[in-house]
Amino acid sequence: MSDEALLAGMAAGDADAMAAFVRRHQGRVYGLALSVVGVPAIAEEVAQEAFVRAWRHAGNYDARRAQASTWLLTITRNVAIDVLRVRRDVVVEPAVVAEMLISTTNDSDRVADSDRITTALRALPHEQATAVLLSVHFGLTAREISERQQIPLGTAKTRIRTGLARLRAMLEVSHG
């Protein structure tokens with residue numbers, strides 16, 4: 001069956017169509033979720049929610065606008081981004097984030113780089129390290145950082161800019 005036929009079946013409430021659709025796309029959906037959120041357990045939750053939303057909105061699918069796989073991967077990406085937005089409300093120490101970033105690989109060069117970054121982040125004033133991580137790792141804008149931390153926009157921009165400059169200088173010295 002084509003993806004379009006499976007989606008039509010899903011829109012009509014056909015659980016077998018849903019099962020076939022999930023089997024066909026679960027690898028790509030999970031892979032995309034994992035690449036966005038970086039944590040296998042959370043990626044599984046994202047993938048599950050993406051399929052639930054696909055089931056719920058199968059009747060809205062329009063083959064003229066996108067292929068079914070593109071439609072599904074767009075749903076997956078949106079769910080993953082929503083999860084990241086919720087997760088970034090959690091206060092995270094720079095060392096914990098750096099550790100999280102290196103835990104997904106055994107590559108010794110990446111581990112060494114992450115150790116250098118962790119050390120450099122620890123050397124920054126806490127406010128700068130936090131602003132840099134919120135900006136670089138979690139993708140917050142300076143405005144979002146200023147709102148979340150209840151500081152002036154200019155202060156958030158300065159913390160990001162100064163923190164990045166200091167990090168760059170420390171990493172160039174330790175690498176050279």
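Let's start with K157, which is partly exposed, at a relative accessible area of 43%. On this scale, buried means under 20% relative accessible area, exposed means over 50%, and partly exposed is in between, using a 1.4 Å probe and protein chains only. K157 lies in helix α9, residues 153-175. Helices here are DSSP runs of H or I with at least four residues, numbered from the N terminus, and strands are runs of E with at least two. The C-alpha atoms of K157 and T141 are 9.0 Å apart, and these two residues are separated by 16 residues along the chain.

Before going on, a word about the model. It is a predicted one, where local features need pLDDT of at least 70 and side-chain atom pairs count only at pLDDT 80 or more, while totals for chains, interfaces and linings use all residues. Residues are numbered from 1 along each chain as its sequence is written, and side-chain values use heavy atoms, leaving out hydrogens and water.

Now look at the loop between α8 (142-149) and α9, where you will find Q150. Is Q150 buried or exposed? Q150 counts as exposed, at 73% relative accessibility. Its phi is near 55 degrees, a positive value in a residue other than glycine. For background, most residues other than glycine have a negative phi.

Let's move to the helices at the start of the chain. Two packed helices are described by the angle between their axes and the distance between the axes. Helix α1 (residues 3-11) and helix α2 (residues 15-37) pack at about 140 degrees, with axes 8 Å apart. The axes are lines fitted to C-alpha atoms, for helices over the stretch in contact, and the angles run from 0 to 180 degrees between N-to-C directions. That angle makes α1 oblique to α2. Under 35 degrees would count as roughly parallel, over 145 as roughly antiparallel, 65 to 115 as roughly perpendicular, and the rest as oblique.

Which residues of α1 and α2 meet? From α1 we have D3, L6, L7, G9 and M10, and from α2 we have A17, M18, A20, F21, R24 and H25. Contact here means heavy atoms within 4.5 Å. The residues of this contact divide into seven nonpolar, two polar and two charged. Ala, Val, Leu, Ile, Met, Phe, Trp, Tyr, Cys and Pro count as nonpolar, Asp, Glu, Lys and Arg as charged, and the others, Gly among them, as polar.

H25 is buried, with a relative accessible area of 6%. Not counting residues up to four places away in sequence, H25 touches D3, F51, S69 and L72.

Next comes α2 with α3, which pack at about 140 degrees with their axes 8 Å apart. That makes α2 oblique to α3. Among the residues that meet are V22, H25 and V29 in α2, and A43, A47 and F51 in α3. This contact divides into 18 nonpolar, two polar and one charged.

What are the buried residues of α3? They are I42, A43, V46, A47, A50, F51 and A54.

To finish, here is T76, found in helix α4 (residues 68-87). T76 is buried, with a relative accessible area of 0%. Leaving aside neighbours within four places in sequence, T76 is in contact with V29, L32, A33, V46 and A50. Of these, V46 and A50 are among the buried residues of α3.
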